[in-house]
Amino acid sequence: MEEEDWEASSSSETEEAGFAADDDEEFNAGPKLQFRIGSSKARWVTELGMAEVEVKRGKLWTTTGIIRSGKTYCFIEEALYLSEIGELQILGDDDAVIPLKGLYEMIAEEKSGCCWESYEVYRYLKGLGYILGRHGVPWTSKGAEIMTPSGEEEDSVTKLLGDMQLCDARAVFDVYLPNSRFKKSSPGEPSFVACLSGDSPPSKEDVRVLQSRIDAPLRFCHISQGRVSFFSFSSIDLSVLP
Amino acid sequence: MAPRWKWKGAEAKALAEPISKSVSELQLSLAKTSGSLSSCNVLLAVEPEQAELLDRCCFGRLVLSAEKVKKWIQLSFEEAFYLFYILKCIKLTLQGRCLENEVDTWMYMRSKRPNFPVFFKAYSHLRSKNWVLRSGLQYGVDFVAYRHHPSLVHSEYSVLVQSGDSDRLRVWSDVHCAVRLSGSVAKTLLTLHVSGNSNREDLNLPTCLENYRVEEQTISRWSPELSREDDETTSPKPKVTNVSNLKTP
């Protein structure tokens, strides 16, 4: 368990209005349990494949996590990123904090909708201040329409799987420009949708199929040895010149 | 990218002398001049005025020689077949014998260059839209496309020809390479996907060109570091947060 006292990351330190300062004090509840000052807490829910946020610290939650029935949930990539930068502790079933090693193993299992390459894209763009959401997953639910996060998650995962069968390339994240006034209730259109095409560049047909389903510009990510590059493959029609 | 005109009056000059007009004049002027096939080239002997028109439309390269009366021009297969088959303003001979039949010329060129049909389709696709095409070898591509004469404007596109069974840009490093090369010479990478004619038999006739379809696609790289400005907010760019930024005790 990390004993270090992470100093403030560059994201905002101020608490969101409405969150009391109750959890400010540091205390040891046992050898495995440590609460850091300024650290949010979430509990991993295996059935959902997501973590339910229990304690929120900082403005980062305006651009992270989805809201369902008044609660905030985050995906594995969000949980891992926030854990890496010391902003979040994920608790397991036994109330113990899941260490980074455990979170990396969960990514490797590829059961929570995010593989290592997707995570590299997420981490890289988040670090630059972009706002990312999983493609096809709304930031908020509207009243009783959506039942449970898992129900919705299954739909989008099933849909993603279905899409994958028709096409080797897939849309992974909706990416928004850095925006301090971002609202989950009205995020607007993403600046682009980040896509993965696997080991090879996307075929012309794959690009066409994906673009026919998605209104936003597409950018295909190539991840190799920790470097992420983004390419656009755009259909054009050169004008007839005089 | 906007066209980069080479000097102050260049754009106006281009507008005043559209390529289509120069091509029409060339067509009339050549009036079935004879060119001779030699391996993968065609040699054309022309009058100085015709040489000037060929240059204005960017067909061929001048072969420097001491000959005073005529000028010798060297054409690539694409250029020669375009003048012969599309503009119908030159004739072609092979070893002294005139090739009247389009099919004979087509078969000869195909025998020298198996990918000629696809390359020619790509070439004529852009040429017929009045774009000027020259060899792209210096830039590691098939062609470079100019909006007008190279003396007036820089080329905007570096062009790669792709067909169904081609091996171009099949791995990511190829894409990185081609895009980087293009960018370093201020051009946008343009791929021309030529499809159709899956039946090999049809390729024996130049009419197979009508069965081809050409789709244009640009490939460009996006840099997230440079694109973070959000016009809607006035707040400064958020500081970069990554694991390496954090202090470790």
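This is a predicted model: local features need pLDDT of at least 70, side-chain atom pairs count only at pLDDT 80 or more; totals for chains, interfaces and linings use all residues.
Chain A contains five helices and 12 strands. Of its 242 residues, 51% are buried. Contacts across the sequence were also examined: among those in chain A that join residues at least 6 apart in sequence, 61% link residues at least 24 apart. The accessible surface of chain A amounts to about 12,000 Å², and carbon and sulfur atoms contribute 50% of this area.

Helix H2 of chain A, which spans residues 100–109, includes Ala108(A). Ala108(A) is exposed because its relative accessible area is 57%, above the 50% limit for that class. Between Ala108(A) and Ala79(A) the C-alpha to C-alpha distance is 14 Å, and the two residues are separated by 29 positions in sequence. Helix H3 of chain A (residues 116–127) holds both Glu120(A) and Arg123(A), which are three residues apart, or about one turn of the helix. The side chains of Glu120(A) and Arg123(A) form a salt bridge with an N to O distance of 3.7 Å.

Chain B is divided into domain 1, covering residues 21–113, and domain 2, covering residues 114–221. The contact between them involves 22 residues from domain 1 of chain B and 23 residues from domain 2 of chain B. The C-alpha centres of the two domains are separated by 22 Å. Together, domain 1 of chain B and domain 2 of chain B bury about 2,000 Å², with 64% of this area on carbon and sulfur atoms. One salt bridge is counted between the two domains. Glu79(B) and Arg134(B) also form a salt bridge, in which the closest N and O atoms are 3.5 Å apart.

Annotations from UniProt were compared with the model. An unreviewed UniProt entry lists residues 34–104 of chain B as "domain: tRNA intron endonuclease N-terminal". This span is 31% helix and 38% strand, and its end C-alpha atoms lie 16 Å apart. For residues 120–197 of chain B, the unreviewed UniProt record gives "domain: tRNA intron endonuclease catalytic". Residues 120–197 of chain B are 27% helix and 29% strand, with 14 Å between the end C-alpha atoms.

Ser182(B) was examined individually. This residue belongs to helix H7 of chain B, which runs over residues 172–184. Ser182(B) is classed as buried because its relative accessibility is 2%, where the class requires a value under 20%. When residues up to four places away in sequence are not counted, Ser182(B) touches Ser158(B), Lys187(B), Thr188(B) and Leu189(B).

Salt bridges were then considered over the whole structure. Side chains of opposite charge can pair when their charged atoms come close. A search over all chains finds 21 salt bridges. One of the pairs in chain B joins Lys70(B) to Glu47(B), with 3.4 Å between the closest N and O atoms. Lys70(B) is located in the loop between strand S3 (61–63) and strand S4 (71–76) of chain B, and Glu47(B) in the loop between strand S2 (41–46) and helix H3 (48–56) of chain B, so the pair ties together parts that are 23 residues apart in sequence. Both partners are partly exposed: the relative accessible area is 30% for Lys70(B) and 30% for Glu47(B).

A further salt bridge is formed by the side chains of Glu216(B) and Lys129(B), at an N to O distance of 2.8 Å. This pair links distant parts of the chain, 87 residues apart: Glu216(B) lies in strand S11 of chain B (residues 213–222), and Lys129(B) lies in the loop between helix H6 (116–127) and strand S7 (132–135) of chain B. Glu216(B) and Lys129(B) are both buried. Elsewhere, Lys21(B), Glu25(B), Glu52(B) and Arg56(B) are joined into one network by salt bridges that share partners.

How values were computed
Residues are numbered from 1 along each chain as its sequence is written. Chains are lettered from A and ligands numbered from 1 in the order in which they are written. Side-chain values use heavy atoms; hydrogens and water are left out. Helices (H or I, at least four residues) and strands (E, at least two) are DSSP runs, numbered from the N terminus. Buried means under 20% relative accessible area, exposed over 50%, partly exposed in between (1.4 Å probe, protein chains only). Contact means heavy atoms within 4.5 Å. Accessible areas come from the Shrake-Rupley method with a 1.4 Å probe; for residues, only the protein chains shown count as cover. UniProt positions are given in the numbering used here, feature names are shortened, and annotations may be inferred rather than shown by experiment. Domain bounds come from an automatic or database domain assignment. Buried area is the accessible area (1.4 Å probe) that two parts lose on being put together, summed over both. A salt bridge is a side-chain nitrogen of Lys or Arg within 4 Å of a carboxyl oxygen of Asp or Glu.
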